[in-house]
Amino acid sequence: MDLKYTEEHELIRKTVRDFAIEKLLPGVAERDRDMIHPTAQIRELGELGFWGVFIPEQYGGAGLDSISYCIAIEELSKVDASAGVIISVTNSLAAYPILTFGTEEQKQKYLIPLASGKKLGAFCLTEPGAGSDAAAQSTVALRDGDYYVVNGTKHFVTSGKHGDVFLVTVMTDKTKGVRGTSSLIIEQGTPGMKIEPPEHKMGIRGSDTHAITFEDCKVPISNLLGKEGDGFKIALSALDSGRMGIAAQALGIAQGALEAALQYVHQRKQFDKLLKEFQAIQFKLADMETHIQAGRLLLYQSALKKDRGERFTKETAMAKVYCSETAMSVANQAVQILGGYGYTTEYPVERAMRDAKITEIYEGTSEIQRMVIAANLLAEWAKTHS
Ligand code: CAA
């Protein structure tokens, strides 16, 4: 097994790192403070091919592998975790399911603009009563001639205001439970679709999060993704890819916090010694680095499985739970190392700590990831021991 990056991976890392330092770093603290979306930078990333990193070139994407995708999200999130989630959602939760389940017509109409940076994607699964229990959907879509008429409310939609193309999970047949769910492609501005005011969040404050209400919203039947009844599977398989993006985002937050701590221990003196000379500090740095490296390996394992076309549900759940808990603990330790300064907005580590928290929650909480890991582990055991 070769654990070396290719030249292309190195180039992606350098390109995104340079972009993040030049275009995202200036103003990141102000955008966080004032909840300002990095619109211009996100559009520029689209022009550079980062809205469709692993989408084939024939559909407007960059045609790269999933490790390149993880590298890109990590490097963005190291500087600006809000940009990281916006890019992750459009790649994984909008473009990827259309690539996997879409008709050729849907790919021409929606995937190409998404992957080529013209239309930003968003994903609507969560509802007021359907969070971790994603199957408890109550948004309905009833057939009326050539249209579905959608009624219901979706919650916590990343890019709710700035998104152009939404993948919306709906109930087309309530009597069938989870097998009555379907997935619709809905365009921003469709009459009957109302974007509610933004959520005021603890972290990732540069990314916009909204509830969306659908009231008699008419969607052409040609916008049904897959078949009626496939909605839950489409959403969960999209989340397999989404969780990889969030694991990469968490890794970026952790790496950014570690680098801020490393810089600080080379400058700060106490008791006539630089902080880096204290073994108590060295041990913290050692643990931070070890967890980050372990998380990166788990993440790349899931990326390799995805690119081999194998089911990667368990691996991506393991990467997400490990990387997000690493992000939380590394950011916490970074704040501790910086002491009082770390607790102020003068340094980026307090933002890292706030941004890290959501990675343990969205796209499936840590508890849900453990459920998924255990269910897959037990199924594998049963298969080999029956
Ligand atoms: N890929 C494809 N199909 C899958 C799948 C996967 N990864 N996981 C399960 N399925 C299929 C199953 O095979 C099953 O199909 P059959 O009935 O045909 O066998 C069907 O889906 C139902 O599976 P389960 O019985 O396992 O479903 P469940 O109701 O027990 O729930 C769950 C499973 C893991 C708890 C799931 O509900 C879940 O992941 N919940 C968390 C939801 C979540 O992550 N929400 C985040 C929303 S997005 C967001 O955060 C906002 C944003 O914009 C960033």
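**Note on pockets, cavity and ligand contacts**

1. The lining of the largest pocket divides into 24 nonpolar, 13 polar and ten charged residues. Here Ala, Val, Leu, Ile, Met, Phe, Trp, Tyr, Cys and Pro count as nonpolar, Asp, Glu, Lys and Arg as charged, and the others, Gly among them, as polar. A pocket is an open set of points on a 1 Å grid over the protein atoms alone, with protein on both sides within 12 Å along at least five of seven lines, and lining residues have an atom within 4 Å of a point.

2. The model is predicted: local features need pLDDT of at least 70, side-chain atom pairs count only at pLDDT 80 or more, and totals for chains, interfaces and linings use all residues. Residues are numbered from 1 along each chain as its sequence is written, and side-chain values use heavy atoms, with hydrogens and water left out.

3. The largest pocket holds about 1400 Å³ of space, where a volume is the space filled by probe spheres set on grid points joined across faces, edges and corners. Its lining has 47 residues, and Leu125, Leu239, Arg243, Glu363 and Gly364 lie nearest the centre. At least two lining residues come from each of helix 5 (81-101), strand 3 (147-158), helix 7 (231-265), helix 8 (279-307) and helix 11 (366-385). Helix 7 gives the most, with seven residues. Helices (H or I, at least four residues) and strands (E, at least two) are DSSP runs, numbered from the N terminus.

4. The ligand has 24 residues around it, and Ser132, Arg179, Arg243, Glu363 and Gly364 come nearest; a residue counts as near if one of its heavy atoms lies within 4 Å. Arg243, Glu363 and Gly364 are also among the residues nearest the centre of the largest pocket.

5. For Asp240, a side-chain N or O atom is 3.0 Å from a nitrogen atom of the ligand. A polar contact is a pair of N or O atoms within 3.5 Å. The protein covers 73% of the 1100 Å² of accessible area that the ligand has on its own, by the Shrake-Rupley method with a 1.4 Å probe.

6. The second largest pocket has about 580 Å³ of space. Its lining counts 28 residues, with Leu25, Lys78, Gly256, Ala260 and Pro348 closest to the centre. Helix 1 (7-24), helix 2, helix 4 (66-79), helix 7 and helix 10 each give two or more residues, and helix 7 gives the most, seven. By class, the lining has 15 nonpolar, five polar and eight charged residues. Domain 1 (7-120) and domain 3 (236-384) each supply at least three lining residues; domain bounds come from an automatic or database assignment.

7. There is one cavity of 30 Å³ or more, a cavity being a set of points where a 1.4 Å probe fits but cannot get out. The largest cavity has about 60 Å³ of space. Its lining includes Val28, Arg31, Asp32, Arg205, Arg351 and Asp355. Helix 2 (28-34) and helix 10 (349-359) give two or more residues each, and helix 2 gives the most, with three. Four lining residues are nonpolar, two polar and six charged. The largest cavity lies between domain 1 (7-120) and domain 2 (122-231), because both give residues to its lining.

Methods. Polar contact = N/O pair within 3.5 Å; in protein donor to acceptor, adjacent residues only side chain to side chain.
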